[in-house]
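Please open the model in your viewer and keep the selection tool handy. We will walk through it one stop at a time.

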Amino acid sequence: AEVCGFCRKPVALTQPAIEALNRTYHDGCFQCRSCHCPLAGKQYYNKAGIPLCADCYQASLELCWACGEAITDQVVRALERAYHVTCFTCATCKQQIGEQAFAQGEVGEVYCLEDYYRKYAPKCNACGHLIIPKEDGTDSYIVECLGQSYHENCYRCESCIIQLSPEPNEHGCYPLDGRMLCKACHLSVIS
């Protein structure tokens with residue numbers, strides 16, 4: 001005799017039985033595991049091998065963080081939240097993010113990287129371009145001086161154009177009257 005998929009007792013051939021979820025159940029044992037309503041002859045849902053009635057199945061679904069509706073198909077998990085695939089979009093351009101890299105804004109909004117950088121990346125005071133990670137994925141080094149941001153390669157003496165070190169050393173910046181100068185140019189101006 002088969003063993004019931006719920007109560008684990010034998011199901012005699014003479015007893016009414018239900019075949020479902022690759023198991024055999026006593027007629028009375030095939031019920032919703034949440035509300036225990038009988039499921040024999042009714043529509044039911046299989047959630048990880050557990051039979052659920054339609055109402056309990058709907059109640060068990062995760063809600064989309066963006067729209068608040070139940071997620072009945074593929075779930076996107078990001079930032080400890082669940083989204084519909086179609087709801088996981090950039091806050092600015094509204095394009096679906098899918099498998100692309102993304103970034104989180106100040107209040108939890110999601111951005112594609114292009115829009116995130118456009119909104120949050122500092123602009124280099126020398127060249128005017130945004131300071132963003134390089135194409136190979138490595139970070140661009142940001143140098144801060146006199147309240148301004150610079151690419152590492154753009155951080156140069158305003159007089160002789162020699163590249164300055166971001167470290168406070170012999171090759172670093174020696175500001176004078178709001179100008180970024182190397183040590184030699186700084187000394188030549190004050191002499």
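A residue is called buried under 20% relative accessible area, exposed over 50%, and partly exposed in between, using a 1.4 Å probe and protein chains only. This is a predicted model, in which local features need pLDDT of at least 70 and side-chain atom pairs count only at pLDDT 80 or more, while totals for chains, interfaces and linings use all residues. Residues are numbered from 1 along each chain as its sequence is written, and side-chain values use heavy atoms, leaving out hydrogens and water.

**Stop 1**

Select Thr24, which sits in strand S4 (residues 23–26); helices (H or I, at least four residues) and strands (E, at least two) are DSSP runs, numbered from the N terminus. Thr24 counts as buried because its relative accessible area is 5%. Now show its side chain together with that of Glu19: the two make a polar contact at 2.6 Å. A polar contact is a pair of N or O atoms within 3.5 Å; within protein, one must be able to donate a hydrogen and the other to accept it, and residues adjacent in sequence count only if both atoms are side-chain atoms.

Which residues does Cys4 contact, leaving aside its neighbours within four places in sequence? Select Lys9, Val11, Thr24, Tyr25, His26 and Cys29 to see them; contact here means heavy atoms within 4.5 Å. Cys4 itself is in the loop between strand S1 (2–3) and strand S2 (10–11), and it is buried, at 0% relative accessibility.

**Stop 2: two positive phi angles**

Most residues other than glycine have a negative phi. Arg8 is not a glycine, yet its phi is positive, about 65 degrees. Look for Arg8 in the loop between S1 and S2, where it is exposed at 55% relative accessibility. Next, jump to Leu146, in the loop between strand S11 (142–145) and strand S12 (148–151). Its phi is also positive, at about 50 degrees, and Leu146 is partly exposed at 45%.

**Stop 3: salt bridges**

How many salt bridges does the structure hold? There are 5, each a side-chain nitrogen of Lys or Arg within 4 Å of a carboxyl oxygen of Asp or Glu. Begin with Glu62 and Arg77, whose closest N and O atoms are 2.5 Å apart. This pair links distant parts of the chain, with Glu62 in the loop between helix H1 (54–60) and strand S7 (75–78), and Arg77 in strand S7. Glu62 is partly exposed at 34%, whereas Arg77 is exposed at 57%.

Then move to helix H2 (residues 113–120), which holds both Arg118 and Asp115, about one turn apart. Their side chains meet in a salt bridge of 2.6 Å, N to O, and Asp115 is buried at 7%.

**Stop 4: domains**

Colour the chain by domain: domain 1 (17–59), domain 2 (75–119) and domain 3 (121–190), with bounds from an automatic or database domain assignment. The C-alpha centres of domain 2 and domain 3 lie 33 Å apart, and 4 residues of domain 2 are in contact with 4 residues of domain 3.
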